[in-house]
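Please open the model in your viewer and keep the selection tool at hand. The stops below are meant to be visited in order.

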Amino acid sequence: MLKHRGFPGRLPGTDFQFTIRRPNPKGVTPLTRRERRPDRKAPDRRADAAFMKALWECFGPEPFERGNLDAGRLSWLFGREVLPATDPFDPADYEAMLVIDERIARASFPEAFDG
C-alpha cells in the first residue's frame, strides 16, 4: 500500500480521518458512492471540503493511486468529484487509480480551489 507522504492524516482539530496507517488485515475496504444529503452537519461538509482541497493540492488533475487514503472519506466524493482512472476498476484495491473531475469538484467545493 502506497503511503502518500505529506498528505494530511486528518482534519486539524477533529477526528475526521483522511489517511490510514496500515492495510486492513481483514481485507481492503471497497470504495462505494455515498449520497451527500443537504442536511449533513456542517463539520461533515467542512471535512469533505478539506479532503477535496488536500487531494487537489497533492495530485491536481493527474491520476493518483488510492494507497493509504481513507475509504470512508474517499467514498463521500467517489463517483462524483473523484472518478476511476482506469477500466476495469477494482474498488477494493489499494493500487486502484483515481482522478479528480475538476469541473464537478470546483462546482461542489469552490472553497477548496480558492487561492
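Predicted model: local features only at pLDDT ≥ 70, side-chain atom pairs only at ≥ 80, totals over all residues.

Residues are numbered from 1 along each chain as its sequence is written, and side-chain values use heavy atoms, with hydrogens and water left out.

**Whole chain.** Select everything and colour by secondary structure. The protein has three helices and three strands, in the sequence pattern α-β-α-β-β-α; helices (H or I, at least four residues) and strands (E, at least two) are DSSP runs, numbered from the N terminus. The C-alpha atoms fill a box of roughly 35 × 30 × 30 Å along the principal axes. Buried residues, meaning those under 20% relative accessible area with a 1.4 Å probe and protein chains only, make up 39% of the 115 residues.

Next, select residues 64-65, 82-84 and 97-100. The three strands form an open sheet of order 1-3-2 with antiparallel pairing, where two strands pair if DSSP finds at least two bridges between them. Strand 1 (64-65) and strand 2 (82-84) are the edge strands, each pairing on one side only. Strand 2 and strand 3 are joined in the antiparallel sense over three bridges.

**Helix 1.** Which residues of helix 1 are buried? They are Ala47, Asp48, Ala49, Phe51, Met52, Ala54, Leu55, Trp56 and Phe59. Their cover includes strand 1, helix 2, strand 2, strand 3 and helix 3 (102-108). Step just past the end of helix 1 to find Gly60, with a positive phi of about 60°.

**Arg80.** Finally, centre on Arg80, in the loop between helix 2 (71-75) and strand 2. Is this residue buried or exposed? Arg80 is buried, because its relative accessible area is 14%. Display its contacts (heavy atoms within 4.5 Å): leaving aside residues up to four places away in sequence, Arg80 touches Arg33, Arg34, Glu35, Arg36, Ser75, Asp101 and Ile104.

Technical notes:
Buried < 20%, exposed > 50% of the residue type's maximum accessible area, 1.4 Å probe, protein only.
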